[in-house]
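Student: Before we discuss helix packing and the ligand site, could you show me the sequence and the model?

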Amino acid sequence: MTILVTGGAGYIGSHCVASLIRRGENVVVLDNLSRGHAAAVAGTRLYRGELADSAFLDTVFSREKIDAVIHFAAFSLVGESMTQPGTYFQNNVGGTLSLLEAMVRHNVSYIIFSSSAAVYGEPQSVPITEDMPLCPTNPYGESKRMVEAALKWFESAHALRYAALRYFNVAGAARGGNIGEHHEPETHLIPLVLKAAQQGKPIRVFGNDYPTPDGTCIRDYIHVEDLIDAHVLALSYLKNGGESGAFNLGLGYGFSVKEIIEAARSAVGLPILVEDAPRRAGDPAVLIASGDRAKRVLGWKPVHTELGDILTSAWIWHKTHPRGYTEN
Ligand code: UFG
């Protein structure tokens, strides 16, 4: 099977590419390298260009006999989306519509879409199930919700089949691999905690007065390789006639910011300094997924269920790549 991976040079996309190659699939990567790293997909077939460029997409789809698309390419910084909503809607929604139109033109029927817990906004209760209301509180989450809505209409008009995978907090890195998390700028807790350990600088804890046992926010952290397994399963599910739909990807339990820092201290064996900081705008107190639907319908079985395992894999990457990818 030939699978087109958009955003394949990014953190999650590159783990998907590596996993598909290990499974013997023929992989084609499309990335504009605005935020991704060519080094993360060294040795794979990489087309560099824009999703909005229909002629470019036609070239890729005509040259390669694409059977399915796994679509990661998107901007994903919540804070940035608040100040640049137009950029987010244009890139995340506009880019995806252009991709969907190309799929229709080239008779490609299957897409796995990288959605987000951000589609739910501030949940009324946890764990969050897929049937709960979608009330995004920022343009990033709204862009994901809009694409999910578009997918439904492409299915009814063009028989396109999709799985929208709603990620909770993705972390960790491939074991023994040369790929890991490198964002510019980095905003995610786990890489920042590990950098704090490496550099002997404090990690800022955004808010210590949330209605949680230790006052800091709780999130459901999922290892990137478990997340990717769900993509592979979702694709086989669709190919075997499974119904299109949305699936949460999270472990069903969470850790507070303070618990993450404490666990990171043991995983890395170094002191980590902490600095209290004000709440970050838009952070819900608790986000925990119900991943039951993915387990039941897709047969998904996450294996990295220990927080220490996730942190250790991320630490190995950070230790061996203190400056991340260095080519750009
Ligand atoms: N945090 C800190 N200090 C930091 C960075 C983060 O205290 O330096 C806290 C945040 O306030 C939050 C928690 O750590 O409480 C996790 O923050 P991340 O930025 O790592 O992750 P988010 O939960 O904000 O974001 C995740 C995904 C987004 C997605 C969002 C949905 O990474 O892509 O969930 O709400 F949009």
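The questions below go through helix packing, the ligand surroundings and some backbone features.

Tutor: This is a predicted model, in which local features need pLDDT of at least 70 and side-chain atom pairs count only at pLDDT 80 or more, while totals for chains, interfaces and linings use all residues. Residues are numbered from 1 along each chain as its sequence is written, and side-chain values use heavy atoms, with hydrogens and water left out.

Student: At what angle do helix α6 and helix α10 pack, and which word describes that angle?

Tutor: Helices (H or I, at least four residues) and strands (E, at least two) are DSSP runs numbered from the N terminus, and axes are lines fitted to C-alpha atoms, for helices over the stretch in contact, with angles from 0 to 180 degrees between N-to-C directions. Helix α6 covers residues 189–199 and helix α10 residues 307–320, and their axes are 10 Å apart at an angle of about 55°. Angles under 35 degrees count as roughly parallel, over 145 as roughly antiparallel, 65 to 115 as roughly perpendicular and the rest as oblique, so α6 is, relative to α10, oblique.

Student: How many nonpolar, polar and charged residues does the contact of α6 with α10 have?

Tutor: Contact means heavy atoms within 4.5 Å, and Ile190, Pro191, Leu194 and Gln198 in α6 meet Leu311, Ala314, Trp315, His318 and Lys319 in α10. Ala, Val, Leu, Ile, Met, Phe, Trp, Tyr, Cys and Pro count as nonpolar, Asp, Glu, Lys and Arg as charged, and the others, Gly among them, as polar. By these classes, the contact of α6 with α10 has 6 nonpolar, 2 polar and 1 charged residues.

Student: How do the residues of the contact of α6 with α8 divide by class?

Tutor: The axes of α6 and helix α8 (residues 257–268) come within 10 Å and cross at roughly 45°, which makes α6 oblique to α8. On the α6 side, Leu189, Ile190, Val193, Leu194 and Ala197 meet Val257, Ile260, Ile261, Ala264 and Val268 in α8. The contact of α6 with α8 therefore divides, under the residue classes, into 10 nonpolar, no polar and no charged.

Student: Which residues surrounding the ligand are the closest?

Tutor: A residue is near a molecule or strand if one of its heavy atoms lies within 4 Å of it. There are 20 residues surrounding the ligand, and the closest are Leu189, Arg204, Arg219, Arg280 and Asp283.

Student: How far does a polar side-chain atom of Arg219 lie from an oxygen atom of the ligand?

Tutor: A backbone N or O atom of Thr187 lies 3.3 Å from an oxygen atom of the ligand, and an N or O atom in the side chain of Arg280 is 2.7 Å from a ligand oxygen. For a polar side-chain atom of Arg219, the distance to an oxygen atom of the ligand is 2.7 Å.

Student: Where does Pro185 lie, and is the peptide bond from Glu184 to Pro185 cis or trans?

Tutor: Pro185 lies in the loop between β7 (169–171) and α6. The peptide bond from Glu184 to Pro185 has omega near -5° and is cis.

Student: What is phi of Leu33?

Tutor: Leu33 is found in the loop between β2 (26–31) and β3 (45–48). Its phi is a positive value in a residue other than glycine, near 60°.

Notes:
Polar contact = N/O pair within 3.5 Å; in protein donor to acceptor, adjacent residues only side chain to side chain.
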